[in-house]
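Please look over the model below before reading the points. They go from one residue to the whole chain and back to single contacts.

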Amino acid sequence: MLSQKKKNKDYTNFIIIIASLIVIFLIGLLIYKNVSSAHTKRAEEFNRTHFNENVKIYGIAVGKMTVSQASKQINNKADNKATLDDNKIILSHVNKQVVTKKQIKDYFNKQYTKYPTNKSWNFENQALVTAQKKLNEVKDRSVEYEIDGKKYNFKRSEYFEKVSYDNGAYNFGSTKKLEDKQYQ
């Protein structure tokens, strides 16, 4: 009879231990879910107002910035001028507005995700891309013409060392060399 009581006591202890482990596991699971839910909610809130981590606009990294912060950063630092200097295209920043807040907001909406992501976005300044292409088109340009039986070769590089392209038009800078040649 004593051995029967001992077996029942051992069995009861075993059930109490198992039940305690199950209760501890369930409490741990509830705590984990609560913490995870809070973290997810914070991430959603953050992503509603901030760019994803791997976003570049006009060559400027704007990850984890708000639209206002990104707008300020881009307008202060992004290249917005292309100049052909001798035979090399140089990109630079001039002090004028590069992009509007509305454009930044549009980029924000294009990259928006409910949760953080590792996907990369790169929004280019199309005006600057066009300027680079246009400058490449005139880089090696030359015109050959004939006057009174004599042939002349007019090379861009000889007369216009600096050329820029802005708002759909070329700016050839100084025309002094061309004017001097005209009066020779």
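In which loop is F160 found?

1. F160 is found in the loop between α5 (156–159) and β8; helices (H or I, at least four residues) and strands (E, at least two) are DSSP runs, numbered from the N terminus. This is a predicted model, in which local features need pLDDT of at least 70 and side-chain atom pairs count only at pLDDT 80 or more, while totals for chains, interfaces and linings use all residues. Residues are numbered from 1 along each chain as its sequence is written, and side-chain values use heavy atoms, with hydrogens and water left out.

2. F160 has a relative accessible area of 8% and is therefore buried. Buried means under 20% relative accessible area, exposed means over 50%, and partly exposed is in between (1.4 Å probe, protein chains only). Apart from neighbours within four places in sequence, F160 is in contact with F154, F172, S174, T175 and L178, where contact means heavy atoms within 4.5 Å.

3. The chain has six helices and nine strands. Its radius of gyration is 34 Å, well over the 16 Å that the globule rule gives for 184 residues, so the chain is more spread out than a compact globule. The radius is taken over C-alpha atoms, and the rule is 2.2 Å times the number of residues to the power 0.38. Along its principal axes the C-alpha trace spans about 135 × 30 × 20 Å. As one example of the distances involved, the C-alpha atoms of F160 and Y11 are separated by 98 Å, the two residues being 149 apart along the chain.

4. Some totals for the chain follow. Buried residues make up 23% of the 184 residues. Of the contacts with a separation of 6 or more, 51% are between residues 24 or more positions apart. The chain exposes about 13600 Å², and carbon and sulfur atoms supply 54% of that area. Accessible areas come from the Shrake-Rupley method with a 1.4 Å probe; for residues, only the protein chains shown count as cover.

5. A nonpolar surface patch includes Y11, F14, I15, L29 and Y32, among others, and its members have about 1300 Å² of accessible area together. Patches are made of residues with over 30% relative accessible area and no salt bridge; like charges are joined within 9 Å, and nonpolar side chains (Val, Leu, Ile, Met, Phe, Trp, Tyr) within 5 Å. I15 lies in helix α1 (residues 2–49). With a relative accessible area of 40%, I15 is partly exposed.

6. The largest nonpolar core has 18 residues, of which F51, V55, I57, Y58, V62, I74 and I104 touch the most other members. At least two residues of this core come from each of β1 (55–57), α2 (67–77), α3 (101–111) and β5 (121–123). A second, separate core of ten residues includes L135, Y159, F160 and Y165. A nonpolar core is a set of buried Ala, Val, Leu, Ile, Met, Phe, Trp, Tyr and Cys residues joined through side-chain atoms within 4.5 Å. Beyond four places in sequence, the contacts of Y58 include I74, A78, V98, Y107 and F123.

7. Side chains of opposite charge can pair when their charged atoms come close. A salt bridge is a side-chain nitrogen of Lys or Arg within 4 Å of a carboxyl oxygen of Asp or Glu, and the count comes to five salt bridges. One of them joins R48 and E45 (2.6 Å, N to O). These two are three residues apart in helix α1, so about one helical turn separates them. R48 is partly exposed at 42% relative accessibility, and E45 is partly exposed at 41%.

8. K162 pairs with D85, the closest N and O atoms being 4.0 Å apart. K162 lies in strand β8 (residues 162–166) and D85 in strand β3 (residues 81–85), so this pair ties together parts that are 77 residues apart in sequence. The side chains of K96 and D166 also meet in a salt bridge (3.3 Å, N to O). K96 is in the loop between β4 (88–92) and α3, and D166 is in strand β8, 70 residues away. K96 is partly exposed at 38%, as is D166 at 39%.

9. S164 also lies in strand β8. At 10% relative accessibility, S164 counts as buried. Leaving aside neighbours within four places in sequence, S164 is in contact with K81, A82, T83, L135, A169, Y170 and N171.
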